[in-house]
Structures are given as structure tokens and as C-alpha cells.
Amino acid sequence: MQSGPEYHFAQYRSSVEMVTDNFRRVSASVLSVLAQLEAKGVHRAAVSLVTQLQEQEKAKLALTVEWQLKHKAVVDAKLAAEEETPNGGDDGADVESHLLAAEDAARQSKRKLGDIVQDIHDTLRDLREEFEDVLLSQD
């Protein structure tokens, strides 16, 4: 949009790529630690939970990008609605319909993001309990 806020997609894309690359490096390190834990006979459940956590974090990263893009679509649709001057035609209804659809899509993405964050918290709790059990069994 001409009058809308300026978006720096090149910078955004670069930031997403940097975060993704860092995630890959951390993920590779975690996989290496997991292999070492398995070799040392650490409980399979703990290893499984760390693997699950990695997958959840990967999903969170993807959902965060998805939500940000859908949120931008809402901003763009609002700007289009503000610029629209209905002249008795269906154009105003189309713009309003597009805005409602964009808002609904953004809400759904935000809900999914909230769900995965809750899943991550649950997995971290389970992992903490598993490691506590491991430590208590070593005493």
C-alpha cells in the first residue's frame, strides 16, 4: 500500500534466516548431546522428551513466522479498508470481507502459537520430572 507503514521484508527475511540457521546449529548440538546420553544409558524417556522438545521448538519457529505474516496481512487489510470509499458497489463489502478473513486467520495462527507454547511448557515440566527421577534413582 502506498500510504501504509514501510515494511523491511529484506531485513525480516534476513533475520528469519539467521534465526533458522542458529536453530539448526543448536539442534545439531542437541542431537549430539542426545547421542552421548543414549550411549551412557540415560533413560530413553528423557531422550525422547528432548527430541519432542526440539520438534516443538521447530514448530514454534514456523508458527511465529506464520503469525507475523498473517498479522501483517491484517494491517494491510485495515489500511485498504481505511482507503476504500464505498460508492454503493460491492467493493466496500469485499474489502471488509477480506479484513475479517485476515483477522480470523491471524487469530487462528495466534491460537496455534499459544497451543505450541503450552505444549513446550508441558514437555519441559515432564523433562524436569524425568531428570529428577533419574537423579533420585542414582542416589
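Student: Why is Glu57 called partly exposed?

Tutor: Its relative accessible area is 27%. Buried means under 20%, exposed over 50%, and partly exposed in between, with a 1.4 Å probe and protein chains only. Glu57, at 27%, therefore counts as partly exposed. The model is predicted: local features need pLDDT of at least 70, side-chain atom pairs count only at pLDDT 80 or more, and totals for chains, interfaces and linings use all residues. Residues are numbered from 1 along each chain as its sequence is written, and side-chain values use heavy atoms, leaving out hydrogens and water.

Student: What does Glu57 touch, leaving aside its neighbours within four places in sequence?

Tutor: Glu57 is in contact (heavy atoms within 4.5 Å) with Phe23 and Ile120. Glu57 itself lies in helix α2. Helices are DSSP runs of H or I with at least four residues, numbered from the N terminus.

Student: Why is Gln56 called buried?

Tutor: Its relative accessible area is 9%. That value falls under 20%, so Gln56 is buried. Gln56 is also found in helix α2, residues 44-83.

Student: What makes the pair Gln56 and Thr123 a polar contact?

Tutor: Their side chains are joined at 2.8 Å. A polar contact is a pair of N or O atoms within 3.5 Å; within protein, one must be able to donate a hydrogen and the other to accept it, and residues adjacent in sequence count only if both atoms are side-chain atoms.

Note on methods:
Helix = DSSP H or I, 4+ residues; strand = E, 2+ residues; numbered from the N terminus.
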